[in-house]
Amino acid sequence: MCGIFGCVLKEGNAAPLIHAALKRLEYRGYDSVGIATIHREEIFVKKDQGKIDEVHKLVNLDDMPGSLGIGHTRWATHGAPLKVNAHPHTDCTGQIEVVHNGIIENFIELKAELEEAGHKFVSRTDTEVFAHLVEDAYKRNSDFTLVQAVLHAIKRVDGSYAFAVISSREPDKIVCARNESPLVLGVSENAVYCASDLTAFLPLTKKAVMINDGELVVLTPGKYEIRKIQDNTAINREPSVIDWSPEMAVKKGYPHFMIKEIHEQPETLRSTLRMQEHYLELISTFLDRATEVFLIACGTSYHACLAASYMFSKLAFLPTYPVYASEFVEQHGKSVNIDSTILAVSQSGETADTLGAVTCAQQRAATILGLTNTIGSTLTRVSRVYIGQQSGPEIGVAATKTFTSQLSVMAQVALKLSKKRGKISQDEMDDLADRMEKLPETVEAIILTQEKKIKAIAKKYRDAKIFFFLGRGINTATAYEGRLKLMEIAYVPAIAYPAGESKHGPISLIEPGFPVVFVCPKDGQTHKTLIGNIQEMKARGAAIISIVEEGDEEIKAMSDDYVEVPKGIPEVLSPIPYVVPLQLLAYYMAVERGINPDTPRNLAKSVTVK
Ligand code: AGP
């Protein structure tokens, strides 16, 4: 998730305006920034790694000529956050500049083709490929207009994109296009704008035009044209007036970042499913060859490791050991060795306990693998191989979308491993891969159909003094995560246990009305035994809140309250959709108790935007 912006002014310099707009988009990405403007058919570019204020101090982003330009603030997915990978990207002639938000899935193949044809690449990004594709279109037909060249290039791209393209060959226009990445136009007396979201231009105009997937836009002074990419036919669409404050816009109209990020999960899960095969292949090869595998992390990331240990065992028969990073040195510091492989998981890539455990293992020659959301973070620098999970920046202190993305990556790695090890049939693998593709829609359906209900459940139990979260098998991790969210966001004391453990002590806490949350997917071996656990708790007067599969009448009948998850979720993938109701419960419990979910006391995100 990056932020793109473009503007065509009737008069005046575009650069200061682009700079200010990128600042408003900085929550979408903040590891590098760049601007390109056109003046008298000459292109001017300023870009560098770092946050906007740091780069501005170095290069003065306001001091560029021209009333037309594009800009970008980056959240790296392909290529470390270095100047060479910062946008905009150009072609061999330097006549074309491109900014992009999204992922070009087939960029490796396209890059090889273009290099074969003599193109020279300078960055490791997927985006640079698009600038060369536009150049290549001109090579194929020198009569092409910029729009035709961009359309030709788009037809060769697979993946998600919002592009903005300028060219010194046609210095009076910006051509932009959208497929699955957000794009919106702003219209004012003196200017037309394109942006990843209206936050960027809201202080300048309240008149916005939403752009849909499969649409291309041409911006010229005082004018915008929308066309269908498929057949280049024109589309008429009038601006609508947005009555949001800039603050509201950053949260896209949501009251808090946490609820916004919970609602973003369908989009981030789609983005995580666009993982480069190459990296999945590499990580699964290292795991396949490993003698022993430790999965280390803290907090929510540790819960992703715990769930992954079930996935690797069930799908690939690979035993792995999830360890709290803060305990790793004490627990394994003496035994970890050259035959050990560490998969360290950290969305920020900067958590001290996780890096401390990695350093300990590294000093004993272990192999370090990484899973992170922050390309360029310390974890990416100390890892032999790492995967960027592509969730985009997470502002809320509570990890939500980064957790479901971590689980999605782990499941994709586990599927790769099961293929390598031939532990499950091709049909089973295809079926699981197919179900994974459907998970974004599943999460969308849960939010759409169950959010109100969860809000009412939070209201009903807002004064509860303590909560229990119970799950079995892989959903022990889901129960742990539900507990962590409720504690850290709503300050409600909570206990989580593998349900089978509860009768070995904790059940003594149960008294009438004591809320116990059960995570109960229908698939797998755990459903039956969970019913027994529910009966044990119910017999002692507990209030049963169950997360069940749609139509699971047996458990619904035993529950005081229940939330339904769509049918057909394989148990090994179930933590991804089944954790969403628990995220929402924690959020609404905090709101009910008058707590700001974005800034829980005593906590901070490892890395924040200043
Ligand atoms: C999660 O909501 C918490 N903010 C916290 O437990 C977090 O998961 C933990 O600090 C690990 O962070 P990391 O993934 O950035 O390493």
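**Before starting**
I'm working with a predicted model here.

**Entry 1: α8 against α14**
I started with helix α8, residues 265-272, and helix α14, residues 401-421. I found their axes 9 Å apart, packing at an angle of about 30°. Angles under 35 degrees count as roughly parallel, so α8 is roughly parallel to α14. I also looked up the handedness, and α8 and α14 cross in a right-handed way.

Which residues of α8 and α14 meet? On the α8 side I noted Q265, T268, L269 and T272. On the α14 side I wrote down K401, T404, S405, S408, V409 and Q412. Sorted by class, this contact of α8 with α14 has 7 polar residues, 2 nonpolar ones and 1 charged one.

**Entry 2: how covered is α8?**
Next I checked how much of α8 is hidden. I'd call α8 mostly covered, since 6 of its 8 residues are buried. My list of buried residues in α8 reads Q265, P266, T268, L269, S271 and T272. What do they pack against? I found α14 again, plus strand β6 (96-104) and the helices α7 (257-263), α15 (426-460), α19 (575-578) and α20 (580-592).

**Entry 3: α9 against α14**
I stayed with α14 and turned to helix α9, residues 277-289. Here the axes of α9 and α14 come within 9 Å and cross at roughly 60°. The crossing of α9 past α14 is right-handed.

From α9, I see E277, L280, E281, I283, S284, T285, L287 and D288 in the contact. From α14, the partners are V409, Q412, V413, K416, L417, K420 and R421.

I looked at C176, which is in no disulfide; the nearest cysteine sulfur belongs to C194 and is 3.9 Å away. For a disulfide, the two sulfur atoms must be within 2.5 Å. C176 is buried, with a relative accessible area of 1%.

C298 has 23% relative accessibility and counts as partly exposed.

I placed P88 in the loop between strands β4 (68-74) and β5 (89-90).

**Entry 4: positive phi**
The phi of E180 is near 70°. I found E180 in the loop between β8 (174-179) and β9 (184-187). Is E180 buried, partly exposed or exposed? It is partly exposed, at 37% relative accessible area.

N602 is also not a glycine, and its phi is about 65°. I located N602 in the segment after α20. With a relative accessible area of 77%, N602 is exposed.

How values were computed. Residues numbered from 1 in each chain as written. Predicted model: local features only at pLDDT ≥ 70, side-chain atom pairs only at ≥ 80, totals over all residues. Heavy atoms only, no water. Axes fitted to C-alpha atoms, helices over the stretch in contact; angles between N-to-C directions. Helix = DSSP H or I, 4+ residues; strand = E, 2+ residues; numbered from the N terminus. Parallel < 35°, antiparallel > 145°, perpendicular 65-115°, else oblique. Left-handed = near helix turned anticlockwise from the far one by under 90°. Contact = heavy atoms within 4.5 Å. Nonpolar A, V, L, I, M, F, W, Y, C, P; charged D, E, K, R; others polar. Buried < 20%, exposed > 50% of the residue type's maximum accessible area, 1.4 Å probe, protein only.
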